Structure formats: structure tokens, C-alpha cells
Amino acid sequence: MTNTPTAAPVSPAGAADPSRWLRAHHPRASAAARLVCFPHAGGTANAFTALSAALPEDVELLAVQYPGRQDRRGEPCAQDLSELASGVAQALAGYDDRPLFLLGHSMGALVAFETARLLEQRRAVARLFVSAARPPAQDWQEPDLSLVGDEELTAGLRRLGGIPEPLLADPEIAAEILRLLRADHRALLRHRCAPDTRVAAPVTVLLASADPKNSLEQMADWARHTAGGHEIAALSGGHFSLLERPGESAPPLTRRIREDLARPAAAATSGSSAAPDAEPLADLVRELMMEGLAGRTPRLSTDLTALEAAAGEVMAPEAFAYVSGTAGSGATGRANRTAFDRRRLVPRMLRGTRRTDTSVTLFGQRLPVPVLLAPLAAQQVAHPEGESATARAAAATGVPMVVSTFASRTLEEVAGAAGDHPRWFQLYLPSDRSVGESLVRRAEASGYGAIVVTVDATHLGFRPAELDSGYSPFLRGTGIANFTGDPAFRAGLPADADATQAVLRWAQISTDPTLTWEDLAWLRGLTRLPLLVKGVLHPDDARLALEHGADGVVVSTHGGRQLDGGVSSLDALPAVRAAVGPDVPVLMDSGVRTGSDVVKALALGADAVLYGRPYVYGLGLDGQRGVEHVLRCLLTDLGLALALTGCASLADVGPHLLANGDRR
């Protein structure tokens with residue numbers, strides 16, 4: 001059976017009757033949006049009762065009731081999933097007065113996907129949420145339950161969770177559950193989907209951290225089934241986390257629904273693949289010009305290359321020296337900027353790029369922009385709130401953050417400030433492996449989406465600005481919070497250790513100059529999170545990183561802070577890209593200042609960039625507001641640079657954007 005959607009006739013059972021198909025556990029007449037929820041195999045509309053209660057008054061939940069159960073027990077169970085999708089789509093015909101969001105759990109995700117395809121023939125679906133479900137074209141590897149005995153099947157249900165033990169212990173109720181489960185599985189086994197089958201709606205994948213049936217790698221393929229963008233949101237708990245933890249599930253759903261409702265109506269209904277939270281290109285420009293008419297100018301310059309000088313006037317001299325300093329004569333730092341200045345973009349005209357799609361998918365996660373905040377250490381030297389202020393600004397502007405091992409706030413504190421916004425964790429692998437493992441486990445538990453292991457700072461570079469001031473934030477206790485708050489680190493200290501002893505132990509174990517590629521393989525075996533190696537400049541090192549377990553690389557000179565007289569990141573980028581091939585994620589940093597710089601890096605082979613010092617200058621100048629200002633300027637400049645080079649999306653970016661002599 002194919003899954004090509006067709007309009008099924010109304011069945012004698014009343015397939016088009018909303019009262020048969022939809023249940024409103026908590027009717028909300030004034031709700032701004034509706035969330036239609038599709039249950040798992042063997043499930044009923046009651047599965048969503050608790051989630052319905054947890055949602056706010058502006059979201060009404062409609063739960064789908066499949067035939068063959070509870071008040072529809074007299075009807076035959078569906079023979080295939082398209083039959084269910086047709087019934088729900090017809091039942092929703094009268095619900096066109098508010099934006100419609102669909103959510104499917106496990107098998108229900110496939111029914112929701114098919115329903116979205118049918119609905120999009122006549123109206124837009126605002127977003128599709130899928131929970132605990134592999135992508136439609138994948139083999140779900142489900143057994144034929146008609147060949148599985150009752151005891152074995154019941155034992156499997158207990159392992160998976162989701163059904164209270166008193167229900168499974170009741171013979172009559174258990175028999176009914178198994179009947180429905182087998183019937184729904186027969187329909188599931190008949191489902192087929194081509195790899196290129198897509199919905200127009202954006203897709204949010206809800207992935208529980210301890211789900212035994214699904215993994216991050218499996219979920220990545222949902223990206224191919226949407227033209228509207230794809231993202232993965234983490235939940236704690238197991239396969240039934242969405243239903244068992246409604247208090248945790250409702251907030252991320254609500255936030256995403258409200259963000260989508262805030263989008264301009266045209267963008268929400270056009271089926272465009274633009275990033276949902278992308279600003280119209282001229283919004284910031286128009287905003288600042290209107291402020292100018294009222295006699296108000298920006299608190300900070302919009303010239304992102306001018307922020308360093310401005311920050312130097314307000315930051316403590318030793319703190320500014322730490323942030324701005326480079327190795328030796330500064331030749332590598334200058335080379336990073338020269339490499340960008342040397343290359344020239346060629347504008348293209350009349351391409352109709354009113355709005356550009358800046359979204360990028362990395363490791364199965366859709367990110368709204370190809371920019372992440374680089375892991376700069378000890379940000380409290382710039383502002384008392386340090387990384388917490390940066391994390392809030394990153395979340396407010398849609399820019400993911402890479403948090404340093406040497407942050408002045410713990411990774412848990414930063415995660416709390418970031419909320420459910422995407423974040424990665426940068427790791428300096430300590431010489432004490434128990435501390436390294438503890439840091440990784442804490443990052444996993446705190447919702448970090450990747451590990452970025454830095455390999456170019458096993459020896460500290462010769463940095464005159466720091467040396468001349470005799471200043472190290474770490475030796476003064478700033479930037480070691482992830483260690484002093486770590487149980488494995490504390491275990492290596494005397495019970496009555498004071499701050500000085502903690503600093504000395506940090507200095508002894510925080511980095512490891514004896515690291516080899518075999519240590520990367522050890523780290524790879526420690527975690528299932530995507531693993532990137534940061535600090536790669538030679539093509540052979542990029543190959544070695546992949547051979548020893550890396551999923552991607554970051555081309556980086558450490559902001560020019562390590563080797564004086566080294567090659568620039570941008571100059572090294574094309575050879576690294578050629579070495580790893582087109583499919584391996586390659587990021588770069590060092591020297592990026594403007595939106596045009598980002599486009600040049602993408603044109604030479606980067607999938608995204610890490611953006612460093614300018615945001616810390618913004619932090620020093622105006623705290624969270626300063627970081628937000630810097631990022632809004634950068635993203636506006638990026639959008640305009642894409643539009644002016646004729647690019648409607650990042651897929652349009654390539655070496656052809658650069659003048660002939662600049663394409664390497």
C-alpha cells in the first residue's frame with residue numbers, strides 16, 4: 001500500500017463527524033490556536049488528558065479518537081494509516097477559524113504526518129510536532145504482533161512504560177489493550193512512504209533522552225520530510241515522556257506555538273521554507289531609522305568592527321587585554337582579518353529575495369541561523385552576569401551558544417538561562433579522565449546538543465597582552481566554576497580544601513598536553529552526542545579526526561591566540577572541506593566580524609561559523625542588551641548580504657558568489 005493521500009468517502013461509521021474523531025478535554029473558546037493530538041498504537045484520546053490540562057488558556061487541545069476503542073468500540077479498527085488520516089482531515093474541515101498545529105506520538109506521528117499532507121491541499125498547517133517516532137520513510141523495525149504471545153507482549157509494554165501497572169494487571173483491561181495494539185500494528189506494518197515525501201509545515205521532533213526505541217541519529221531523517229524547516233527538541237524521560245510528564249512537555253510546545261503565532265500571517269500560511277523566527281530584512285534598519293526621527297540613536301554602534309575600541313574604553317584594562325589579546329606579534333590575528341578582506345563578493349540583481357531563509361540543519365537539528373556563539377571563557381571579566389546574560393541574549397535572538405568548559409558560570413546555570421534554546425558544550429579534556437567524563441555526563445543531562453572538543457590549546461599560547469598585565473582570570477577563581485562545582489573534581493580535593501587549593505588543582509588537571517588521537521577515540525566511546533573537533537587547520541588532521549570518531553570539525557586558529565604566524569582559518573577552510581567531503585559538517589571561526597564575512601565563509605565550504613569576540617565586547621558594553629544588539633546587527637547584515645548576492649536560502653551559497661580569484 002502506498003501512502004499517496006486520497007479523499008476517502010464518508011464511511012457508514014461517520015468518518016466526517018467531528019464528534020466521533022475529536023475530543024476536547026478542556027474546551028477553550030477563546031484559544032488562539034488548536035493543537036490536534038494523535039495517540040500511539042493501542043492508545044486512546046484519553047492519553048492526552050493531562051497534557052490538555054497543562055496547556056495554557058490560549059491553546060486548545062483536540063485529541064483524536066481512533067475507531068475500534070472506548071466509545072467507538074463497535075466500529076472496526078482501521079486497516080491502514082491513510083484511513084485514519086482521511087477521517088481526521090475530514091473531521092477538521094470545520095476548524096478553519098484558528099491556526100492548526102498537529103502533534104503525533106509514536107505511531108500517531110505517522111498519522112499526523114499523513115493528515116498534514118491531506119490538510120495542506122486546502123489550508124496550511126502551522127507546525128507538525130512528532131514525538132517518539134522514527135521518520136516516515138524509515139523501516140520502523142516493528143515485529144508482527146500477531147506472532148507474539150500475550151505474556152511476551154505484556155512484558156514488553158512494562159519495559160517501555162506508559163501504561164499503569166494496575167491496568168496491565170487487570171485481565172479484562174489487559175486483553176483490550178493487546179487487542180488494540182495488535183490491530184494498530186497491522187495498520188502500521190502496511191504503511192509505506194517514499195524518501196522524498198514532504199509536508200510544507202515545519203517539523204519539531206520531540207526526542208526523550210532515555211527513549212529505548214529512538215535515537216538522535218534516527219530522528220535526523222525527519223529533515224527530508226519537510227519543506228518548512230526541521231528542529232529537534234529534547235525531553236527528559238522515556239518513550240512516553242510526552243504523556244507522563246505533561247508539566248515538562250507543555251512549556252516547549254507552548255513556546256513554539258506562540259512563536260509561530262507571532263510570525264506575520266503571510267509567512268505562516270505560504271508554506272515558505274523560511275526560518276520561522278527570521279526577521280524581515282529591513283526590520284532593524286527601519287527600527288533604528290524611526291528611532292532617529294525621534295532624536296534617539298543606538299546605545300552601541302552598529303559597526304561591529306568598532307566595538308573592540310569602544311569596549312577598551314569601559315572594560316578593566318587587564319580584562320580587556322585577556323579578551324582582545326593574541327599570540328606573539330599578532331600576525332595570525334591580523335591574517336584572519338586579512339583573509340576576509342582579501343575576498344570580494346559579487347552582487348546579483350533582481351532575484352526577488354524579499355525574505356531569506358537562513359536556517360541550517362546540523363546533526364539532525366534545525367538551527368535558525370548558520371551562526372553559533374563561540375566558546376569564550378571567563379565571561380564574568382566582561383560583565384558580572386557573564387555567560388548567563390549571554391545565554392539569555394542568544395535565546396532571544398535565535399543564535400545557539402557553545403558554552404566553554406572554562407565558563408564563569410556552571411554549565412547547569414547556563415542551561416537554565418538558555419531555557420530550551422539549542423546549546424553545545426565545548427570541552428577541554430582534562431588530564432584527570434574522571435573529571436572529563438563527569439563534565440560530559442553533566443552536559444548530556446543538561447540538554448546540550450553536541451560536544452565540541454578543543455584540541456589546539458593543550459599548550460597555552462605566548463600572549464604578551466596577558467603576560468604584560470600578569471593577569472589570569474582562572475588563577476583568581478573566575479572561569480573554573482565547572483570544576484569547583486564538579487563532584488569528580490571535588491573528590492580529588494581534601495575535605496577542608498580552600499579556594500587556593502581548588503585553583504591549584506584546576507591548574508594541574510584542566511588541560512592535558514599529552515593528548516593524542518587515541519584520546520579522541522576514548523571520548524567518542526563515552527557519549528552518543530555529536531562530537532566535533534575544534535582547532536583543525538591541516539587537511540590530514542581533519543581526516544584523522546573523522547577516523548577517530550569525530551562527526552564534524554571546526555576550522556579554527558583559536559582567535560589567533562595560540563600560534564603566532566599561522567595560517568588563517570579562512571585560508572585553511574577550502575582544503576579541509578575538500579579533505580572531508582561534502583557531507584561532513586564543517587564549521588569555522590577566527591576573524592568573523594560581519595554578515596558578509598559569514599557569507600564568505602559559507603561560500604568557501606563552511607556549514608556555519610562560530611562568532612567570538614564582538615559579542616563579548618557587547619557584553620562588556622551593555623550586558624545582555626549589548627549581546628542582543630550585536631547579534632541583531634550581525635543577523636540583519638547576514639540577511640541583507642544573502643539578498644544582495646541573490647540568495648534566497650543558504651542552499652544558494654557557493655564559491656560562485658566570490659570574484660574569480662577569491663574562490664580558494
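Strand β6 (residues 203-208) has six of its six residues buried, so the rest of the structure largely encloses it; buried here means under 20% relative accessible area, exposed means over 50%, and partly exposed lies in between (1.4 Å probe, protein chains only). Helices (H or I, at least four residues) and strands (E, at least two) are DSSP runs, numbered from the N terminus. This is a predicted model, in which local features need pLDDT of at least 70 and side-chain atom pairs count only at pLDDT 80 or more, while totals for chains, interfaces and linings use all residues. Residues are numbered from 1 along each chain as its sequence is written, and side-chain values use heavy atoms, with hydrogens and water left out.

**Strand β6 and its partners**

- Strand β5 (residues 127-131) pairs with β6 in the parallel sense, over four bridges; two strands pair if DSSP finds at least two bridges between them.
- Within this pairing, F129 has T204 of β6 as its bridge partner.
- Strand β7 (residues 230-235) also runs parallel to β6, and six bridges join the two.
- Here A208 stands opposite L235 of β7.

**Helix α4**

- Helix α4 (residues 107-119) has 13 residues and should span 18 Å at 1.5 Å a residue; its end C-alpha atoms are 19 Å apart, which agrees.
- The expected span is 1.5 Å times one less than the number of residues in the helix.
- Mostly covered, α4 has 13 of its 13 residues buried.

**Salt bridges**

- Side chains of opposite charge can pair when their charged atoms come close.
- A salt bridge is taken as a side-chain nitrogen of Lys or Arg within 4 Å of a carboxyl oxygen of Asp or Glu, and by this rule the count comes to 37 salt bridges.
- R23 and D71 join their side chains in one of them, at 2.7 Å from N to O. R23 sits in strand β1 (residues 22-23) and D71 in the loop between β3 (59-64) and α3 (81-91), so the pair ties together parts that are 48 residues apart in sequence.
- R23 is buried at 15% relative accessibility, whereas D71 is exposed at 54%.
- D571 and R343 also meet through their side chains, at 3.0 Å from N to O. With D571 in helix α25 (residues 569-580) and R343 in the loop between α15 (331-342) and β8 (360-362), this pair ties together parts that are 228 residues apart in sequence.
- D571 is partly exposed at 28% relative accessibility, while R343 is buried at 2%.
- R543 forms a salt bridge with D540, their closest N and O atoms being 2.5 Å apart. The two are three residues apart in helix α24 (residues 539-547), which means about one helical turn separates them.
- A network of salt bridges links R34, E60, D97 and R98.

**Cysteines**

- How many disulfides does a search of the whole structure find? The search finds zero, a disulfide being a pair of cysteine sulfur atoms within 2.5 Å.
- C77 is buried at 13% relative accessibility, and C633 is buried at 8%.
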